[in-house]
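The following exercises ask the reader to study a protein chain step by step. Each task is followed by a worked solution.

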Amino acid sequence: MAKAVQKIKLSSSRDIPFNKLVLAQSNVRRIKAGISIEDLAEDIARRSLLQSLNVRPVLDAEGQETGMFEVPAGGRRYRALELLVKQKRLAKTAPVPCIVTDACSEITAEEDSLAENVHRVALHPLDQFRAFQTLREQRKSEEEIAAIFFVSVNVVKQRLRLAAVSPKLLDVYADDGMSLEQLMAFSVTADHARQEQVWENVNRSGYDEPYQIRRVLTERAVKASDKRARFVGLAAYEAAGGNVLHDLFEEDGGGWLEDIALLDRLVAEKLRTEAEAIAAEGWKWIEIAPSFPYGYDHGLRRLEGEPADLTIEEQASLDALQAEYTALQEKYEDADEIPDEADTRLGELEQALAAFEDWPHIFDAAAIPHAGVFVSIDTDGTVQVARGYVRGEDEAAFVVAIAESNPEAGAATPGPDDGGQGAPVVQGSVITMAGQAPPDEEEDDAIRPLPDRLVMELTAHRTLALRDAVASHPQVAMTMLLHKLCVDAFYQAYTPGCLEAGVRHVQLPVQAPDLKESASARSIADRHEAWKADMPTDEQALWDWLIAMDDASRLALLAHCVSGGVNALSEKVDRYGGSGVTAHGLRRRLDQADRLARAVSLDMAEAGWRPTVDNYLGRVTKGRILDAVREARGESSAQLIDHLKKSEMAKEAERLLEGAGWLPEPLRLATVTSPSGSLDSATEPLPEFLSGGEEETSDSGESEQPQPVAAE
């Protein structure tokens, strides 16, 4: 006969009054972990005890049961019950569900205590996320769930956000196919299709770090810190139906605005509203745009308005603000650290005082019907208004109007806060929206000459940086000017050179969007405004003012004026003998620009230029991207990205090249190649990046058709 299997006998369970229980010293838990005893007590008070205590009878010296029971497993629950008894929320004799182990058991109390804790399996995070979601579906608010489980509301929102990720991705996470940090990154968007598409791409490429996933998911959106978003405001954008992506797990700077077309429309509408209010002042034209390029006002006459007088109340307010600001500065002048309250107040006072610096200006009433206004968005998201510009076609009418006006009559127009009282009656301001250049097309990955437009944009950066550097080297500027004048006088060399002397300010017809905000552009503008502020307003007094200057100041001013004529711009060569630059002229210009760059020790990396997707990496072939990374960071770094698509490769290359100081050929400091040291290099061919002509747009790898060249 088969031997009968001995059946397992479970320990009995019974209710034991709480005052018959004592905490055993055999409990192995010594370190506090998990929720606090206070929180556990509150949970027991809400839902009662979910798990029995494990107890053993206490024996006396003769081995007889005393009626008391020790608790080797369940010590935290015991302490929570004890706290409820002390708070008189639980009776001392309240029955407590217990599992009673035989006091003479071969298994020790320490082993029971250890087993209860070691064999416990924590809830998988995904199960917790889904459980929170179930409670939410049961119409419990986020605040209620947070209170029940003693966590913050933000934690509940995070768990619910994770539970809302694509079910396909949740299954991958459940099977340990992705990390929790990766899942957190995917929660930045609620678009399941987009989540799945991105996961497929990053999983295949191996480029699946959480920060990379976030960047791909938000690459089609605009940061909330963008000046356009700050100008419109998140509330207005969302009220118009726009969606804002938020990252609940990392600082997101306010999130990302997903609908760019809607944002641009709201920007245009708000700018037009601002322009319509300004139109009441009587200006002939108003041009609006989120931003205008560097040099947008070149060639226009700038009217000088007079600041409007402050009222008695406004002057009193200004005096009070200035007095408080001065008092705070003096109080903490010698302090090692300014208190937060004082620092905050100083910031508020600076902002209030800055408003008085931008006080409305009053313009000549006769000039306004012939002048215009530029309305754009400042870097902090506020509207930026530049009044009083006269275009070339309006110059003649403007001069006649000013000549016919009676200066003694004091004819003037009020500033923007005056509601247009006294402005001349005109047919209406013409409001126009500045256009934007179309995006460049994709390029193939063959190594070809750099596109003409890209080379012009890069050398425009270099031209501006050279101007800024020359202005900081007065002696170089003097030598540069004297050299040009001597060449013209003694060598009759009238072909174009690096210095366009007259001095004629050289325009940059092709420029990258970031040129206006570059460090060189800001430095030049600040220096120009500083000189302008020092100069007399009466042109007749300018000569005497210059004579009175010391040599150092005169040289500094000369350097600034000369620097505006620097032209290191690469242009498309005119092969047919037209009015454009010849190959010889372009070679001559670039050689002189290189010599000038060496003289001022120009380093475009130190001048602030760095390769980005927008200004270089997204505009060249994959081969050039890899060459750049290889040259700056080595072959191993290039191999990390050589399998990526071009858009992803460009973004990762930007990250890898950060801080490397790498520069494309048009921005590098060329070495001296002419042994004679002559100004011309007629026999020297153009560099490789200039030897071609057109944008690299073909994906087929086919060579472009040769262009016919006129016989010489």
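A salt bridge is a side-chain nitrogen of Lys or Arg within 4 Å of a carboxyl oxygen of Asp or Glu. The model shown here is predicted.

**Exercise 1. Determine how Arg589 and Glu571 are joined, and which parts of the chain they connect.**

Solution. Step 1: the closest N and O atoms of Arg589 and Glu571 are 2.8 Å apart, and the two residues form a salt bridge. Step 2: Arg589 belongs to helix H22 (residues 583-599), while Glu571 lies in the loop between helix H21 (551-563) and H22, so the pair ties together parts that are 18 residues apart in sequence. Step 3: residues under 20% relative accessible area count as buried. Arg589, at 4%, is therefore buried, whereas Glu571, with 28% relative accessibility, is partly exposed.

**Exercise 2. Describe the salt bridge between Glu269 and Arg265 and its place in a helix.**

Solution. Step 1: the side chains of Glu269 and Arg265 meet at 2.9 Å, N to O. Step 2: both residues are in helix H13 (residues 260-279); because they are 4 residues apart there, about one helical turn separates them. Step 3: an α-helix has 3.6 residues a turn, so residues three or four places apart point the same way. Step 4: Glu269 is partly exposed, with a relative accessibility of 40%, and Arg265 is partly exposed as well, with 42%.

**Exercise 3. Find which parts of the chain are tied together by Glu281 and Arg387, and state whether these residues are buried or exposed.**

Solution. Step 1: Glu281 and Arg387 form a salt bridge in which the closest N and O atoms are 2.9 Å apart. Step 2: Glu281 is located in the loop between H13 and strand S9 (285-288), and Arg387 in strand S14 (residues 383-390), so the pair ties together parts that are 106 residues apart in sequence. Step 3: Glu281 and Arg387 are both buried.

**Exercise 4. Identify the buried residues of helix H7 and the helices against which they pack.**

Solution. Step 1: helix H7 spans residues 167-174, and within it Leu169, Leu170 and Tyr173 are buried. Step 2: these residues cover an arc of only 105° around the axis, which means that they lie on the same side of H7. Step 3: the buried residues of H7 pack against helix H4 (125-137), helix H6 (153-163), helix H8 (180-186) and helix H9 (192-205). Step 4: just after H7, Asp176 adopts a positive phi of about 65°.

**Exercise 5. Describe the nonpolar surface patch that includes Val118.**

Solution. Step 1: Val118 is part of helix H3 (residues 109-118). Step 2: a residue counts as exposed when its relative accessible area is over 50%; Val118, at 54%, is therefore exposed. Step 3: Val118 forms a nonpolar patch on the surface with Val28 and Leu114, and together they have about 250 Å² of accessible area.

Key:
Residues numbered from 1 in each chain as written. Predicted model: local features only at pLDDT ≥ 70, side-chain atom pairs only at ≥ 80, totals over all residues. Heavy atoms only, no water. Patch = residues over 30% accessible without salt bridge, like charges linked within 9 Å, V, L, I, M, F, W, Y side chains within 5 Å. Areas by Shrake-Rupley, 256 points an atom, 1.4 Å probe, with all protein chains shown as cover. Helix = DSSP H or I, 4+ residues; strand = E, 2+ residues; numbered from the N terminus. Buried < 20%, exposed > 50% of the residue type's maximum accessible area, 1.4 Å probe, protein only. Arc of directions from axis to C-beta. Contact = heavy atoms within 4.5 Å.
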